[in-house]
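Hi,

Here is the structure I promised to pass on. Have a look at it first, and then read my notes below.

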Amino acid sequence: MTSLAEGPALDLDLFSDAALTDPFPLYKQIRDTAPAVYLPRYGAWAMGRYADVRGALGDWESFSSARGIGLNDLANAATQGMIIATDPPEHDKLRNVLAARLSPKAIRDLRADIERRADELVAPLVERGSFDAVTDLARAFPISIVLDLIGLPQDGRDKVLGWADAAFSASGPPGPRTDAAFPLLQDQLAYLSGIEPDQLTPGSMGRAIYDAAADGLIKPESCVPLMSAYVTAGLDTTINAISNSVWYFAQHPDQWDMVRQDPSLIPAAFNEVLRIEAPVQFFCRVATRDVELDGQTLAEGSRVMMLYASANHDERKWEDPERFDVRRNPVDHLTFGYGMHGCAGQGLARLEGHSILGALARRVARFEVGAPQRRLNQLIRGLDALPTTVHAG
């Protein structure tokens, strides 16, 4: 067997304040060096080119999730049994529990209600004129929708977003940020463990998870990890995509004009926001065998960071990747992952994003934003505050 660390290496710190604020120069350095680069600080490889990341995500037999998707042993142990850290056949059993409820038909059935909610949220904000696009818009919308769909009781909902943020950050390398996140992750699991099935809304996704366990389709001990997965994954991606949309359209008013003049561009515009500002920066996989990668060998047992955000900026894939262009329509970006672990809720996330952009496009001629405040999370890139003034028209 070859050494786990045999190959090109870079002494990069991807988790400093500066790197978390602007990781893209480091991602480019990784892409320009090799298909995969060893990062000795983390004892892991980083894969940053689009074709390689996509290929690895599509090859679960060579790149397993079952040994954990994070950069520390504690997180990898804590996420055992969660859908994100499983391979077939266990993965398929867990994913099938909510597959019908997240199918294209089921999402279509939600459209009218979600579009109505978007209008009800956006209209008074536009009337106010000034608001925080993160707190008042991006966070308010998915929280109400996702937690209603899961059927969580009202008590404890105010803490869910903080717990979800911590659940992601806990997957970083050992250090103060990971240490700070773990107690919150444990609080989330304790909260979910304390919910009895009859406290979940009848007919909800949460109730369906416990029904599946009662029917013997999944193990009873899988219920809380599965609830945690959907509560965590159902919020941050959508929240950051919506706030990033306001930020980018404030900086590129010509692109907003295009969307307003032709609302059929909204899906393409939302995809472009997701491409250029991927909320999820990476998940790890572990090589189950020696893998050849453009003449380079990744040894069996190597932990590999799949850099989704880097792949979305790969010059080998995208023409002028730093340019924000709503006509690009990058339907094959990797923000939602790819392959077996492609985001199960991406249809819902898209519906939420399209509904908010549609409601804004019908009312807002221009966005003006103040200095954004970035939220430093080891796995999720997003904003914590974005002072926004809108001009109706």
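To start with something you can look up yourself: in which loop does Asp 320 lie? Asp 320 sits in the loop between H15 and H16. I'd stop there for a moment, as Asp 320 has a positive phi of about 50 degrees although it is not a glycine. Keep in mind while you look that this is a predicted model.

Arg 31 and Glu 315 form a salt bridge through their side chains, at 2.9 Å from N to O. Arg 31 belongs to helix H2 (residues 24-33), while Glu 315 is in the loop between helix H15 (308-311) and H16, so the pair ties together parts that are 284 residues apart in sequence. A search of the whole structure turns up 30 salt bridges.

Another backbone detail concerns Pro 88 and Pro 89, which are joined by a cis peptide bond with omega at about 5 degrees. You'll find Pro 89 in the loop between helix H4 (73-78) and helix H5 (90-97).

If you want to trace the pairing strand by strand, begin with strand E4 (residues 130-132), which is held to strand E12 (residues 387-392) by 3 bridges, the two running antiparallel. Asp 132 is opposite Pro 387 in E12. Strand E9 (residues 364-369) also pairs with E12 in the antiparallel sense, over 5 bridges, and there Arg 366 stands opposite His 391.

There is also an open sheet of 5 strands, ordered E1-E2-E8-E5-E3, where the pairing is mixed. Its edge strands are strand E1 (36-39) and strand E3 (63-64), each of which pairs on one side only. Within this sheet, strand E5 (residues 282-287) and strand E8 (residues 303-307) run antiparallel and are joined by 5 bridges. Phe 282 has Leu 307 in E8 as its bridge partner. Helix H3 (residues 50-57) lies across strand E2 (44-47), E3, E5 and E8, and runs at about 120 degrees to E8.

Last, a helix pair. Helix H6 (residues 104-128) packs against helix H16 (residues 346-361) at an angle of about 40 degrees, and their axes are 9 Å apart. H6 and H16 are therefore oblique to each other, and H6 passes H16 in a right-handed crossing. Which residues meet there? From H6 they include Ile 107, Leu 110, Ile 114, Ala 118 and Val 122, and from H16 they include Leu 348, Leu 351, Ile 356, Ala 359 and Leu 360. Charged residues take part too, among them Arg 111, Glu 115 and Asp 119 in H6 and Glu 352 in H16. By class, the contact has 11 nonpolar, 2 polar and 4 charged residues.

Cheers

Key:
Residues are numbered from 1 along each chain as its sequence is written. This is a predicted model: local features need pLDDT of at least 70, side-chain atom pairs count only at pLDDT 80 or more; totals for chains, interfaces and linings use all residues. Side-chain values use heavy atoms; hydrogens and water are left out. Two strands pair if DSSP finds at least two bridges between them. Helices (H or I, at least four residues) and strands (E, at least two) are DSSP runs, numbered from the N terminus. Axes are lines fitted to C-alpha atoms, for helices over the stretch in contact, and angles run from 0 to 180 degrees between N-to-C directions. Angles under 35 degrees count as roughly parallel, over 145 as roughly antiparallel, 65 to 115 as roughly perpendicular and the rest as oblique. A crossing is left-handed if the near helix is turned anticlockwise from the far one by less than a right angle, and right-handed if clockwise. Contact means heavy atoms within 4.5 Å. A salt bridge is a side-chain nitrogen of Lys or Arg within 4 Å of a carboxyl oxygen of Asp or Glu.
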